[in-house]
2 protein chains.
Amino acid sequence: MMQPSLQAPSGMVGHAADRLCAAISRVASPTCVGLDPVLEKLPASLKPRDGADASVARAIESFSLQVLDAISGRVGIVKFQSACFERYGFEGVAALERLIRAAAERDLATILDAKRGDIGISASHYAATGSRMGADWMTINGWLGEDGISPFLKEGSGAFVLVRTSNASSQQMQCLQLEDGRTVAEGMADLVTELASDHCGACGYSTLGAVVGATHPAELAGFRERMPGVFMLLPGYGAQGGTAESLSPAFDANGLGAIVTASRSVIYAFKDRDGDWSAHVQSAASEFAEAIGTVSGLRS
Amino acid sequence: MMQPSLQAPSGMVGHAADRLCAAISRVASPTCVGLDPVLEKLPASLKPRDGADASVARAIESFSLQVLDAISGRVGIVKFQSACFERYGFEGVAALERLIRAAAERDLATILDAKRGDIGISASHYAATGSRMGADWMTINGWLGEDGISPFLKEGSGAFVLVRTSNASSQQMQCLQLEDGRTVAEGMADLVTELASDHCGACGYSTLGAVVGATHPAELAGFRERMPGVFMLLPGYGAQGGTAESLSPAFDANGLGAIVTASRSVIYAFKDRDGDWSAHVQSAASEFAEAIGTVSGLRS
């Protein structure tokens with residue numbers, strides 16, 4: 001039986017890493033805005049009248065849509081935090097699907113931050129879920145090894161494996177020392193690099209990437225060298241700390257190979273400020289793109 | 001603003017591990033059936049006429065509902081593979097929500113096999129998603145450390161952390177040797193045990209559990225000893241190999257502390273057999289419960 005929904009949307013052509021590079025070039029900045037919308041932080045004008053799932057999902061969708069308009073043309077990539085939508089059940093998932101389409105219509109490359117990690121048919125299902133939603137990339141968890149990563153290795157879409165995450169307790173597992181001198185995170189980085197190597201696009205980067213927290217600037221040069229051909233997604237810029245200058249070792253000589261993500265510092269830039277909320281989001285996106293564009297060398 | 005959907009359904013009272021023990025006692029067997037429904041494997045009579053998401057989701061829901069009827073009273077616990085439902089978008093998620101309610105109505109304890117792994121508000125969202133669906137337990141990924149585990153540590157519902165998974169490539173990360181002599185999986189087991197200790201119910205077990213593959217019988221005694229008070233969920237019995245006898249070291253002296261999961265060998269027991277398909281599922285569930293009930297010591 002044909003499963004038409006397994007096919008990627010028609011707009012999703014070419015290699016996922018090449019599309020990512022094109023999205024970066026369009027705005028001359030390797031920047032991504034994280035959309036992690038939370039009910040409590042919405043602008044007052046958008047808050048729903050009741051707490052029913054459908055009402056909240058609608059409010060979050062409306063907010064997200066206006067954020068997409070505000071950041072489009074300023075940054076090239078948007079990352080959707082799946083949990084913030086799943087939280088509201090099927091109404092939230094339906095909103096997420098519409099928003100990913102809306103982002104693509106605004107020429108934004110899309111990352112579904114779902115941190116999925118499963119094997120076999122389940123992993124294939126998750127990969128298919130991302131593709132049917134039209135997400136260019138997805139974040140995944142490599143704890144299960146190759147079985148949990150390979151199903152995401154497709155030409156049309158890409159996956160970022162969690163290698164060294166930005167949160168405080170990430171060291172509990174990721175910084176344990178192996179007997180061969182590597183950390184556990186470096187072990188994960190090596191596995192990712194090995195699996196990534198056969199899947200590079202014209203830009204030299206693979207459809208398999210890695211998440212490395214912007215909160216660990218001292219480790220960036222090491223991971224950049226350790227993972228040639230692997231695009232790094234750097235969360236934790238802005239609200240979670242991390243300065244623009246400290247991130248320069250993450251980029252290659254062409255200003256590519258890494259994407260910096262900011263979430264709260266952009267999408268909630270209106271907090272405690274007067275006037276049109278979306279104008280504050282626009283300004284924050286522009287400032288973010290300028291800072292990272294300069295550090296990467298794509299803007300002078 | 002009140003968020004009524006954050007509250008657990010009224011049926012979900014008491015400590016999650018105590019409810020699990022009660023579900024095991026009701027059938028005198030620590031067994032769980034994994035519901036991983038896949039379109040291609042449905043009984044011919046249930047296959048949809050077209051491949052549209054709504055049609056497939058309906059067919060999978062109908063199949064799953066009949067499986068719940070077939071296993072109810074024979075095993076005490078059912079595990080839903082979230083990927084198999086998410087695959088069909090919001091239609092699939094809505095079906096999953098209805099099925100979890102249907103399982104509870106049939107006195108089955110429920111595990112949402114979602115393998116979620118995120119931090120902070122996102123982890124809280126995933127925990128809330130499981131609770132609002134009414135799932136007693138959820139599977140989670142501990143790669144992010146305590147930040148990714150603590151949000152799931154609630155009295156009302158529980159979480160199984162992936163410690164040593166059943167798949168072939170699990171050794172790539174989980175069996176790396178640490179400099180202190182432990183494996184990486186043992187490092188995860190120790191983190192889980194530490195976090196679990198303050199959350200034990202009357203039965204002596206915590207709301208934090210661990211996934212340890214039934215495919216690694218030689219390691220079961222070690223993990224049982226290493227993780228006192230931690231319920232182990234053992235997938236990989238049946239279709240993925242592993243015999244009943246080899247699993248006995250996983251149980252405590254009272255036949256508790258571990259749950260064995262079988263998926264394909266039960267829910268597709270009708271394959272290549274004539275007659276009423278659900279009768280074959282009933283028989284397979286009974287045989288599975290008898291074999292594990294005996295090994296655990298709950299049946300003589």
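Is A:Asp107 buried, exposed or partly exposed? The model is a predicted one, in which local features need pLDDT of at least 70, side-chain atom pairs count only at pLDDT 80 or more, and totals for chains, interfaces and linings use all residues. Residues are numbered from 1 along each chain as its sequence is written, and chains are lettered from A and ligands numbered from 1 in the order in which they are written.

A:Asp107 is partly exposed, because 14 other C-beta atoms lie within 10 Å. Under the rule applied here, a residue is buried if 20 or more other C-beta atoms lie within 10 Å of its own, exposed if 12 or fewer, and partly exposed in between, with C-beta atoms placed from the backbone. A:Asp107 sits in the loop between α4 and β3 (109–116) of chain A, and its phi is near 65°, a positive value in a residue other than glycine. A:Asp272 belongs to the loop between α10 (264–267) and α11 (277–296) of chain A and is exposed, with 5 other C-beta atoms within 10 Å.

Chain A contains 11 helices and 8 strands; helices (H or I, at least four residues) and strands (E, at least two) are DSSP runs, numbered from the N terminus. Its C-alpha trace spans about 55 × 55 × 35 Å along the principal axes. A compact globule of 300 residues would have a radius of gyration near 19 Å, and the 18 Å of chain A agrees with this. That radius is taken over C-alpha atoms, and the globule rule is 2.2 Å times the number of residues to the power 0.38. Of the 300 residues of chain A, 59% count as buried. Among contacts between residues at least 6 apart in the sequence of chain A, 71% join residues at least 24 apart; two residues are in contact if their C-beta atoms, placed from the backbone, lie within 7 Å.

In strand β5 (residues 158–164) of chain A, 7 of the 7 residues are buried, so β5(A) is largely enclosed by the rest of the structure. Strand β4 (residues 137–140) of chain A pairs with β5(A) in the parallel sense over 4 bridges, and A:Thr139 has A:Phe160 as its bridge partner in β5(A). Another 5 bridges join β5(A) to strand β6 (residues 208–212) of chain A, and these two run parallel. Here A:Phe160 has A:Gly209 as its bridge partner in β6(A).

Strand β8 (residues 258–262) of chain A is mostly covered, with 5 of its 5 residues buried. In a regular strand the side chains alternate between the two faces of the sheet. In β8(A), A:Ala258, A:Val260 and A:Ala262 point one way, A:Ile259 and A:Thr261 point the other way, and all are buried. Strand β1 (residues 31–35) of chain A is joined to β8(A) by 3 bridges, the two running parallel; A:Thr31 has A:Val260 as its bridge partner. Strand β7 (residues 232–237) of chain A pairs with β8(A) in the parallel sense over 4 bridges, and A:Met232 stands opposite A:Ala258.

In chain B, 8 strands close into a barrel in the order β1-β2-β3-β4-β5-β6-β7-β8, with parallel pairing. The twist from one strand to the next averages 30°.

The two chains meet in a contact that takes 52 residues from chain B and 52 residues from chain A. The largest share of the side of chain B that touches chain A, 7 residues, comes from α5(B). By class, that side of chain B has 23 nonpolar, 19 polar and 10 charged residues. Ala, Val, Leu, Ile, Met, Phe, Trp, Tyr, Cys and Pro count as nonpolar, Asp, Glu, Lys and Arg as charged, and the others, Gly among them, as polar.

Helix α4 (residues 89–105) of chain A packs with α4(B) at an angle of about 170°, their axes 8 Å apart. Axes are lines fitted to C-alpha atoms, for helices over the stretch in contact, and angles run from 0 to 180 degrees between N-to-C directions. The two helices α4(A) and α4(B) are therefore roughly antiparallel to each other, a term for angles over 145 degrees.

How values were computed
Angles under 35 degrees count as roughly parallel, over 145 as roughly antiparallel, 65 to 115 as roughly perpendicular and the rest as oblique. Two strands pair if DSSP finds at least two bridges between them.
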